[in-house]
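Good morning, and thank you for coming.

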Amino acid sequence: MSEAVNVRDVDLMLSGQKVLEDIQLTVNHGQVTGIVGRNGSGKSVLFKAIAGFYQPSRGTIEVNGIDLYQKKNFPENFGCLIENPGFLPRDSGYKNLKLLADIQKKIGKEEIMQTLSLVGLEGAENKPVKRYSLGMKQRLGIAQAIMENPSVIVLDEPTNGLDKQGVKDVREIILKLKEEGAAVLISSHIEEDIDEVSDDVFEMDGGHISHVEDKVGHPNT
Ligand SMILES: Nc1ncnc2c1ncn2[C@@H]1O[C@H](COP(=O)(O)OP(=O)(O)OP(=O)(O)O)[C@@H](O)[C@H]1O
């Protein structure tokens, strides 16, 4: 089990307000780490900082051992779903994923189709995204996060908009990614969604984080 994400002593200011304070978080490969917290508690801002979108005013964030803000780049070998991904509504689910895959050219049609099937969108791949339901868009968002087989996966509220079956499917996908050795960081405002899949649970409240539960007994702060 190796360290995938290491957040140390992080404060983050937005519009002159401190929205994250003294965040300590370790996410390991082969594990699911869950963050639970109410709306506005800071989950999305923390995930955006880990994805390289917001620079902390204090502290460090390492992904796969590389200090993001020293390197001033987006993390590598990394997939994320944060808020609503901006898909092109008139293009199909497949075409949207293909456009994204063409940026890095790591994967082609076969891997995209496999991912669409994994997230339960088989048969809907040629439909324009504007005809997708909220749950289907969420599945497509998960597909874009995982299709290139990244070793670190960050999913902000992945069960948002999903029905019971959708929540079950996402849970199975997360556990499969973990079995394959990925580090998975997920958030939810629903405690049950986090508890069911996470090896390690943190809670956010008012920009602060606290360690709630460690089911595998590794050291964490
Ligand atoms: N771009 C921004 N500029 C200023 N303040 C922001 C910005 N984005 C978020 N905030 C503030 O940061 C705090 C944390 O927001 P965040 O979106 O991380 O919450 P969250 O826990 O993800 O909630 P939700 O479940 O509603 O997405 C909130 O007080 C929010 O108003």
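Which side chain has an N or O atom 3.4 Å from a nitrogen atom of the ligand? That side chain belongs to Ser 15.

Before I continue, a word on the basis of these values. The model is predicted, so local features need pLDDT of at least 70 and side-chain atom pairs count only at pLDDT 80 or more, while totals for chains, interfaces and linings use all residues. Residues are numbered from 1 along each chain as its sequence is written, and side-chain values use heavy atoms, with hydrogens and water left out.

Val 45 contributes through its backbone, where an N or O atom lies 2.9 Å from an oxygen atom of the ligand. On its own the ligand has 640 Å² of accessible area, and the protein covers 63% of this; such areas come from the Shrake-Rupley method with a 1.4 Å probe.

The shell around the ligand has 13 residues, the closest being Gly 40, Gly 42, Lys 43, Ser 44 and Val 45. To be counted as near, a residue must have a heavy atom within 4 Å. Helix H1, residues 43-50, gives the most to this shell, with 3 residues. Helices (H or I, at least four residues) and strands (E, at least two) are DSSP runs numbered from the N terminus. By class, the shell has 4 nonpolar, 6 polar and 3 charged residues. Here Ala, Val, Leu, Ile, Met, Phe, Trp, Tyr, Cys and Pro count as nonpolar, Asp, Glu, Lys and Arg as charged, and the others, Gly among them, as polar.

Ser 15 leads us to the sheet. This residue sits in the turn of a hairpin formed by E1 and E2, with 2 residues between the strands, and has a positive phi of about 50°. Strand E1, residues 3-14, runs antiparallel to E2 and is joined to it by 8 bridges; two strands pair if DSSP finds at least two bridges between them. Across this pairing, Leu 14 stands opposite Gln 17, and Leu 12 has Leu 20 as its bridge partner. E1 also pairs with strand E4, residues 58-63, in the antiparallel sense over 5 bridges, and there Asp 11 faces Arg 58. The open sheet has 4 strands in the order E2-E1-E4-E5. Its edge strands are E2 (17-28) and E5 (66-67), each pairing on one side only.

What is the volume of the largest pocket? About 680 Å³ of space lies in it. Of its 24 lining residues, the closest to the centre are Phe 78, Gly 79, Cys 80, Gln 104 and Gln 144. On a 1 Å grid over the protein atoms alone, a pocket is an open set with protein on both sides within 12 Å along at least five of seven lines; a cavity is a set of points where a 1.4 Å probe fits but cannot get out; lining residues have an atom within 4 Å of a point.

Finally, the structure holds 1 cavity of 30 Å³ or more. The largest cavity has about 80 Å³ of space, and H6 provides the largest share of its lining, 4 residues. Volumes are the space filled by probe spheres set on grid points, which are joined across faces, edges and corners.

Note on methods: Polar contact = N/O pair within 3.5 Å; in protein donor to acceptor, adjacent residues only side chain to side chain.
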